[in-house]
Amino acid sequence: MRGPLGPVIGKYPSSSDGNGGMGNGSNDIIKHNRKCRDVVFLVIFIAFWVAMIVNSSFGFNQGNPSRLIYGLDYKGNVCGDRHADPDLRELELRYWLNPNQVYQTGVKGSKFQLSNARSICLMDCPIPSEDGLNWVCDYPEGDIHISVDDWIDRNYDYFADLTPELRNTSLQLQGPCYPVIFPSVNVYWTCQFIARASNVSLTHWQQMGGVKVIEDIAIDKSIHKAINSRSSVLKRYVADVGKSWPVLLVCGGFLPLFLSIIWLLMIRHFVTGMPWVTVILFNMLIISVTMFYYVKAGWIGNDAISPIIGEHDPYYHVSARELNHLHAAAVFMTVLMIVAFLSSIAVVRRILMATSVLKVAAKVIGEVQALIIFPVIPYAILAIFYMFWLSAALHLFSSGSVVQNDCGANCCAYDLKAKRLSCNSCCGYSIQYTSHIAAAILFHLFGGYWATQFIIACSSTVIAGSVASYYWARGEASPEIPFLPVFSSMKRLVRYSLGSIALGSLVVSFVESIRFILEALRRKLKIVNSMPQSWIGKVIYQTSQCCLKCIGCIIRSVNRNAYIMIAITGKGFFKASEIATELIMSNILRIGKVNVIGDVILFLGKLCVSLTSALFAFLMLDTHRYKSAHNKISSPLFPVLVCWVFGYIVATLFFGVVEMSIDTIILSFCQDSDEHQGTAQYAPPLLIETLNDQNETQRLTQ
């Protein structure tokens, strides 16, 4: 059993002046003999950061975010690459030259892949001529003495300048020029064929003696399948995050910062009405965000997302996997909205209890006013980290080597440089990903989560140390409280407890990573129909998932209280967890009655900030800038989700002031009561006054 906390954190002071003076005791309680704890895990954290930098350097060296958006041409160049040969800075659309090769990739049982079909980078998608036959020719080189700019001005057509030999190879669909028989439309920077051949162009082609061009729906489906593949959709989602960086900066950074500070100030000055405002605002926001999902999914109005870029036939529609994902998100938000509304009804019945709890935190913030400003420091650190982390993530996702495929296909194409028909190197190019790239991405994701948990934990510990100083000084701004308690708490954290924080954040990150891996395996098994079929197997599987989630919630809760005890006692993580857990278990009814409803209101407040970030992200992404041309995003889903997550993280930093103030005060009060036979000796007058006003003292000491 745990003994009295007094021997752990320094003897409780006795009055030295006969009237309850503090003497030197309160200072001893917080600033007693400390030493560095869990140093091994601090070394591991530092080594991990070195590995993160090395890992990110690999991404910056090997990655090219343009690969997430644009395709490769027949030379292996990324469309839009100004460093390619030739310069492709304005040529961003990938177009397949040979329609018969495209058809062949869609034939059932064919081994010819679309990546091996001859493709080229253009400025816009070609359309058939209304009274003749248009051509798209290879990049000008060899005996074709025109510049790339002239080639673009000619609509990529120099067929009239070809020798009879080259005209003949072109009529055999072997280049260097290819006919434009099918209309095409720009779908995510790829020219997708419309399987309706132009009769005029096809007639001219046949009259010139061209080989048979196959007309079949497979031409449309083959390209559409490639565009809608899971890997292509994931690349576009990641690219959307990079394109919408101004939205992330405003809605994921500045807006939640402003809203969180406003919320803290309102808690400080208008604490009575804030629970009501939070609950009402939360319901309004979740309804608004859900309606935006409905709009973008096409269920309300006519503003659904479209995969087609630029002007096109309004009667031509292209399905996209992104739209299906928005449908799923809209359904999920609808369920969430209903659950949130019903939960709010239950919360309203206990608003008065939440108000009394928040008053405690409001009075602490009023006395230690630096707590309102302090979260700006971890916020700035996180902002710098996320800018680096997101940039590295974009490069890691786009890393890989451009290699020519080994297709073994029986195809020939005229090589203008070699001045001959080549049948040995007609295979296309693709980006080769290796297993170590996948490992680097997973390592980067884990590192981002661990670093986030570490910074939040540091912030929580500093706040807990500051509030503990306030409590053990009886809530008085006496000389016994160290000058600027927030900075004194920061000094103790940096000097003694960073290893313990690294260990605590690692435990949370590890458990969440296990959950993520198991969920990924579940989805994998579901796809291949290997899930347990018997009801016993399903029950066991669902039970294990539920248990893992419960373990994660318990660990996060224990960690939060462990950080409080680390701030007070200076103990290592496991010892602090033991002390905190035993203290909580012995006072579970007292803490639960007072604290749970306060946590619910704070959680709703965080959701209000993050939902507002998501709502404004929707509004910014709905402008012309992100719906056309270069900055068009495939879907608002990922940018809005990232803004939502960033908004929640920022809110967690600032709302942690209130959250940790309540937890620290309550834990200190319970310990103080236990040490003094049910009568708290160190509770500050302002706390006692608040508890008496709400009759909470009686509840806590029952």
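The link of Cys137 and Cys177 is right-handed, with 105° about the S-S bond. This pair connects distant parts of the chain, Cys137 lying in strand β3 and Cys177 in strand β4 (residues 177–179), 40 residues apart; strands here are DSSP runs of E of at least two residues and helices are runs of H or I of at least four residues, both numbered from the N terminus. The two residues are joined by a disulfide with an S to S distance of 1.9 Å, a disulfide being a pair of cysteine sulfur atoms within 2.5 Å. Both Cys137 and Cys177 are buried, where buried stands for under 20% relative accessible area, exposed for over 50%, and partly exposed for the range in between (1.4 Å probe, protein chains only).

The model is a predicted one, in which local features need pLDDT of at least 70 and side-chain atom pairs count only at pLDDT 80 or more, while totals for chains, interfaces and linings use all residues. Residues are numbered from 1 along each chain as its sequence is written, and side-chain values use heavy atoms, with hydrogens and water left out.

The structure holds three disulfides, which are set out below.

| Disulfide | S to S distance | Torsion about the S-S bond |
|---|---|---|
| Cys79 to Cys121 | 2.0 Å | about -80° |
| Cys125 to Cys191 | 2.2 Å | -95° |
| Cys137 to Cys177 | 1.9 Å | 105° |

For Cys79 and Cys121, the disulfide is left-handed because the torsion about its S-S bond is about -80°.

The link of Cys125 and Cys191 is left-handed, with -95° about the S-S bond.

Cys36 has 47% relative accessibility and so counts as partly exposed, whereas Cys608, at 7% relative accessibility, counts as buried.
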